[in-house]
Amino acid sequence: MALPSAADLPLDYDARELLADDDYAEPLIAGGVRCHGGFDADGRYRSPRTRHRAPAIRAWQARLETEGHPLVAIDPALLVPQYPNVDQARLLLREGVREPVVRRLTAISIVEGFGAIIRDVGHPGLAERVVEPIDGTALAHLAGGLFEAHARDEAGYREEGGHKQMWEAARDLALENPKIPGDVLLRMMGQGPARRRERVAHFPELDGDLEALVATMANVLALEVFAMGAFDWGETLLSDPEVSAEPLRAGALVGYIRRDERTHIEYLRTALSELSARTLRRVDGAEIPGRHVVDACLDRNLRALTGAQRDEQRRTIREAVAEAAAAHPHPKDLLERFDALETSWTPPERTGFEPET
Ligand SMILES: [Fe+2]
Ligand SMILES: [Fe+2]
């Protein structure tokens, strides 16, 4: 049966539809936990809550295309290389210095769990604050299912595990239930100041909730796109039989998570593109092109992610590696070999979202 073309798909869905699963022939069980998503009769993995959400996003994107508006896209050249990279992580695991890798995998699972905060983003009566109509767009469905589906995918829902639990299971399968350092979250919080500064209002002429909505979507989109590098890293590392006790099952789990993330990237870039194509109302009644706000938020986030935040994260991880290497018989030699494997990288000059001068 031919699939309907995206332009023929409906543009309006209720929350129940946007949260609806496909029919699965078999559930996904990871680490003894029933997780979201499942397998069809041919054994293919199906992402959770995509029965209507996936075609809905295609329909909204087709509408943008028909109306001649481009889809926001983040240049892959901006993606910060993983640290430790796959070769560095392999070296540490081979040498029995497992803690930095356990720490990194645990940090990824914690960040996934934090993704649930997207459901707490204010919904500032968008229809009144956007000059043009928003019916039949992703924007009109953010509070009506899209944010909730995203939150459930990341942190799990009720008895069902999400990405947080899937990463934990992948880690525990591959590294055979390693001891988890007790201070992973604490050290992650230590990297916070750069991120907290981002909460400052940059568009005081806009309603604070509206700016927070755009800033959060831009931030989460950038994080989701950057996370693709972490998924490649995790999938390659945990699929390697030399360092992974369960290369097939652990690697496959990361692959399923990566599949699910596409939906997050696609709805967020769709909603941001719809805002970019519209005009926002300022609190004083004047108007401002949505594109100014969207681009400024993306530019700021991408600069932070490729600059200060990257440097801070790298420094924290390098310290943890040096600490863990101290127990190795030849720590100095190990650290030299570790440093020699680092991916050299310079952030591109431009994010592609610079304000027009
Ligand atoms: Fe996720
Ligand atoms: Fe995500």
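I began with terms: two strands pair if DSSP finds at least two bridges between them. Helices (H or I, at least four residues) and strands (E, at least two) are DSSP runs, numbered from the N terminus.

**Ground rules.** I noted that this is a predicted model, where local features need pLDDT of at least 70, side-chain atom pairs count only at pLDDT 80 or more, and totals for chains, interfaces and linings use all residues. Residues are numbered from 1 along each chain as its sequence is written, and chains are lettered from A and ligands numbered from 1 in the order in which they are written.

**The sheet.** I looked up the strand order and found β1-β2-β3, an open sheet with antiparallel pairing. Its edge strands are β1 and β3 (45–46), and each pairs on one side only. I then checked β1 (residues 26–30) against β2 (residues 33–39) and found five bridges. Glu26 has Phe39 in β2 as its bridge partner. Two residues sit between the strands of this hairpin, and Gly31 there has a positive phi near 55 degrees. Two bridges join β2 to β3. Gly38 is the bridge partner of Arg46 in β3.

**Helix α2.** I turned to residues 53–66 next. The buried residues (20 or more other C-beta atoms within 10 Å of their own, with C-beta atoms placed from the backbone) include Ile57, Trp60 and Leu64. An α-helix has 3.6 residues a turn, so residues three or four places apart point the same way. After α2 I found Gly68, with a positive phi near 80 degrees.

**Helix α10.** I traced 31 residues, 208–238.

Technical notes. Expected span 1.5 Å × (residues − 1). Buried ≥ 20, exposed ≤ 12 C-beta atoms within 10 Å, placed from the backbone.
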